[in-house]
Amino acid sequence: MAEALVTVECSVNGARCREWVEPRLLLSDFLRHRLGLTGTHVGCEHGVCGACTVRVGGRPTRSCLMFAVQADGEEIETVEGLAGDTGLTPLQRALHEAHALQCGFCTPGILIAAGDLLERRPDATRTEIKAMLSGHLCRCTGYKPIVDAIELVARERA
Amino acid sequence: MKPAPFAYTRAETVEGALDLLAEHGNEARVLAGGQSLVPLMNMRRVRPNVVVDITRVGGLSGVAADDGRLRVGALVTQYELERRGGIDAALAECLPYTGHYVTRHRGTIGGSIAHAEPRGELPLTLLTLGGSARVRSRSGEREVPAEELFLGAYETSLTPDELIVETLWPLAGDGEGHAFVELAQRHGDFTLASAACSVRVEHDQIRSARVGVGAVAERPLLVPEATRALEGATPGEDAARCAGEATTDAITGYDDLHASAAYRRRLAGVLVAQAVRRALERADG
């Protein structure tokens, strides 16, 4: 079946964009290949590894499990939008301090998901943090420093 | 891993979605949260010609208790329902297992039921509690009990032009208790086996019981042998253990990479005993 192109008009990290896309274009590929935002990483492309996690309309989302056309009219937040003029966010700083990244492939997805968790559950427990992290594969760290870093931010805020 | 080409349609109303389903029938797939459908499309195990996106359809996002049942709109997400206070105990226990933190923010209750994943937590819980789905098509509306809904792996009794608009979850009344338990290798992964239970206790006797097991067959199963072991028994450890043993004896299980059929049968029995124990405690409370 021939695919008609469809438009997607959305805001990514506060910048408006409008593109014609094939309906089957995944949001992850849209962000990386159309907009050049390669901070969103693509690992498994079936929702298991968590590397491509972004926020769409304020909800954490696997960008490989959403079509770009579905983001029409939405506000999207990616890892590129986290650090502002004032430097790293507290969570980014904590990951750095705790040696919670080595190769960095999983880090963008974890920053988005952990940031979302801390926003909804500012006093998240270690158990909650671990349950959230079960959706993010990291092959370098063994996870403990990542849990420590997120917990550090939660305790600082509490 | 890129999906095959398809035509994209977006419904704004239930009627609009029903028109699209009537028009495209078997060629179409409904897209709600997409947390099960899109992986299958990425792997090209599912190749619909038409995708009907219902995520913006209004009126499918409500949750309300009504006449002893919780009515849950088809587009309510797993995370929304889980964070809502005062939901049924078994439902509260099963929701955190339905996926990972991020996928639960998109995955919908209606979608999980329609997808009929054999290892799915929500299909098992709906079946065990005796719930149902309200479905609509252009030719009308009907309520389908869970027992008539799940036919096999990823297969329901819905026709291609029907859409689930809400699911109905019986709430525990006086003397009743519900529970859900499961074991997975990692939180949020597919389960090795799961169990759910609903009991009613009166004058220190189990009056009625429903026991269900998941991930041991091509669809969630009720275990009438476990019900027989429970009904008329005195609530307590013996009853829970007998229900578990009856389950292990009754089911066949299957082998895969993660567990043998024998292990699954034994595990299902252990989980049933746990679910019964917990449901009985709640019935007592």
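Guide: The model is predicted. Two packed helices are described by the angle between their axes and the distance between the axes. In chain A, helix H2 spans residues 90–97 and helix H5 spans residues 144–157; the two pack at an angle of about 135 degrees, and their axes lie 8 Å apart. Angles over 145 degrees would count as roughly antiparallel and 65 to 115 as roughly perpendicular, and H2(A) and H5(A) are therefore oblique to each other. The crossing of H2(A) and H5(A) is right-handed. On the H2(A) side, Pro90(A), Leu91(A), Ala94(A) and Leu95(A) take part, and they meet Ala149(A), Leu152(A), Val153(A) and Glu156(A) of H5(A). By class, this contact of H2(A) with H5(A) comprises seven nonpolar residues, no polar residues and one charged residue.

Chain A also touches chain B, through a contact that takes 27 residues from chain A and 25 residues from chain B. On the side of chain A, strand E4 (59–62), helix H3 (107–120) and helix H4 (126–133) each supply at least two residues. E4(A) gives the most, with four residues. The class composition of this side of chain A is 13 nonpolar, eight polar and six charged residues.

Terms used
Residues are numbered from 1 along each chain as its sequence is written. Chains are lettered from A and ligands numbered from 1 in the order in which they are written. This is a predicted model: local features need pLDDT of at least 70, side-chain atom pairs count only at pLDDT 80 or more; totals for chains, interfaces and linings use all residues. Axes are lines fitted to C-alpha atoms, for helices over the stretch in contact, and angles run from 0 to 180 degrees between N-to-C directions. Angles under 35 degrees count as roughly parallel, over 145 as roughly antiparallel, 65 to 115 as roughly perpendicular and the rest as oblique. A crossing is left-handed if the near helix is turned anticlockwise from the far one by less than a right angle, and right-handed if clockwise. Two residues are in contact if their C-beta atoms, placed from the backbone, lie within 7 Å. Ala, Val, Leu, Ile, Met, Phe, Trp, Tyr, Cys and Pro count as nonpolar, Asp, Glu, Lys and Arg as charged, and the others, Gly among them, as polar.
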